[in-house]
Amino acid sequence: MGLVSVLSASCSPEEPGHPTDAVVIGAILPFSGGESAIGGNLEKAMLLAVEDLNAAGGLDGKPFDISSRDSHSSVERGLGPVHDLLHTEHVAYLVGPEENDLVREITPEMRSLDLFHMLPGYAAPSVARSDTRGGAMRLAPSPFHIGCALAKLAVRDGVATANSLSARDDYNTTVSSRFMTIFKELGGRPLPSTTFASGKQAYTTELESSLKYRAGRTLLAAYPTTASTIVTEWTASGRRGTWFLGPALRTEMFLANIPTGSLDGYVGVTPSLSLESECHITDADRETVDCTTENAAAFIGHFSRRWDREVPFPAAHFYYDGVVLIAMGLVYAQATRGEIPSSGHELQQIIRDLNSPAHESASWRDLKTAMTKLGAGIPLRYVGAAAEYEFDEYGANEHHFMQTWTIHGDAFVDLGPVPVTCETWN
């Protein structure tokens, strides 16, 4: 936890002033509460993006800046900080929060005020609806993509039966239900699953209820704090059962709070950080894919050099990109319309149009050239730290591959990617 909690000044009561004429992007992140292990790391990615953008010239000479607030990992406690950003600071562009329920709570207000909402988090809700006010964009893969990848892994590995042990929140229950639905469609046999409330001291009853069916795989879909309690209790009880690990568990905090070696060899799925152009289908059935990771490795090095060898979480790549995508849209609008859009709905359309596959690409590694071209009115699609972006009509990024991984001792180890080809059941 020490790795990701060092940067908390930006959510303190004494918020530092912004540079003169700064274009301020609001951020609502979990610096405290159950998800506090990730907040500082995600904010560092956003601050790094701002530094890179300002070094590239900013918005017609105006600097970008970040104004962060603490969501407290809670709907009840997170609403006040969001309202502070919207009504005291009057930010027009908001990134986050991580908490699915808090996003749902603030979405009507974001639409009413016609503000722009960037959602880089894994647990962000769907944006599959058309609106005339407000603009939301979802960067990470949906629970459907995660469920598809897990189901395909199970079938590939010859798993005949599966169930899940999932936290009773919108994101993890959706991942679980998608996994079970697609697993059945692919020929597997679902067994009864178990849900639980997060934050309990023990999960003896839930573990027994889930594992008594002796499923070929049990998906553990939960956030790191609760999942580490479950795994510790499971280890002490004799380690009966075989796990799949949900996407929220690939964090150092989770690894640091489970018995060393307890999950060695168990497989998890997270969004792939390989670019689509770095991946190639290698078989006629389009089920085997080979990807390189040079782009992601370059960003990890860039981040680590800036932040004293700290490694970005996979989600941090998306947070960096979220800031850059906002900036690209604003710079292009300024160049082509003479002003930045006052409407979040309009900005969303601009960013979607910029990221058409027909446009020339622009890499996060050369933002100076990208901003110069955008400032001259040349449309560019963004090749980011996490993905080559292409958005559907609602503002959701398209995804083609997921990354599988395992645990060895006290480290995560990447395995092969898996294609997402379950569109029939979306």
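Which residue takes a positive phi in the hairpin of β16 and β17? In this predicted model, the residue in question is Gly409, whose phi lies near 65° in a hairpin that has two residues between its strands. The two strands, β16 (residues 401–408) and β17 (residues 411–419), run antiparallel and are joined by seven bridges, and within this pairing Trp405 stands opposite Asp414 of β17.

Parallel pairing is found in an open sheet of five strands, which are arranged in the order β2-β1-β3-β4-β5. Because β2 (64–70) and β5 (135–138) stand at the edges and each has a single partner strand, one side of each is left without a neighbour in the sheet. Neighbouring strands of this sheet are turned against each other by 20° on average, when direction is ignored. Strand β1 (residues 23–29) runs parallel to β2 and is joined to it by seven bridges, with Val23 standing opposite Phe64 of β2. In general, the strands of a sheet pair through backbone hydrogen bonds, either parallel or antiparallel.

Among the helices, α9 (residues 294–306) has 13 residues, which at 1.5 Å a residue should span 18 Å, and the distance of 19 Å between its end C-alpha atoms agrees with this expectation. The buried residues in α9 are Asn295, Ala296, Phe299, Gly301, Phe303 and Ser304, and what covers them includes α1 (36–55) and α10 (314–337). Just after α9, Asp308 takes a positive phi of about 55°.

The packing of two helices is described by the angle between their axes and the distance between the axes. Helix α6 (residues 204–211) and helix α7 (residues 224–236) pack at an angle of about 70°, and their axes are 10 Å apart. Since angles of 65 to 115 degrees count as roughly perpendicular, α6 is therefore roughly perpendicular to α7. In this contact, Thr204, Leu207 and Leu211 of α6 meet Ile230, Glu233 and Trp234 of α7, and the residues involved divide into four nonpolar, one polar and one charged.

Met110 has its place in helix α3 (residues 100–112), where it counts as buried because its relative accessibility is 3%, and the cut-off for burial is under 20%. When its neighbours within four places in sequence are left aside, Met110 is in contact with Leu86, Leu94, Leu115, Phe116, His117 and Gly134. Met110 and Ala92, which are 18 residues apart in sequence, are 9.3 Å apart in space from C-alpha to C-alpha.

Methods:
Residues numbered from 1 in each chain as written. Predicted model: local features only at pLDDT ≥ 70, side-chain atom pairs only at ≥ 80, totals over all residues. Heavy atoms only, no water. Helix = DSSP H or I, 4+ residues; strand = E, 2+ residues; numbered from the N terminus. Expected span 1.5 Å × (residues − 1). Buried < 20%, exposed > 50% of the residue type's maximum accessible area, 1.4 Å probe, protein only. Contact = heavy atoms within 4.5 Å. Pairing = 2+ DSSP bridges. Axes fitted to C-alpha atoms, helices over the stretch in contact; angles between N-to-C directions. Parallel < 35°, antiparallel > 145°, perpendicular 65-115°, else oblique. Nonpolar A, V, L, I, M, F, W, Y, C, P; charged D, E, K, R; others polar.
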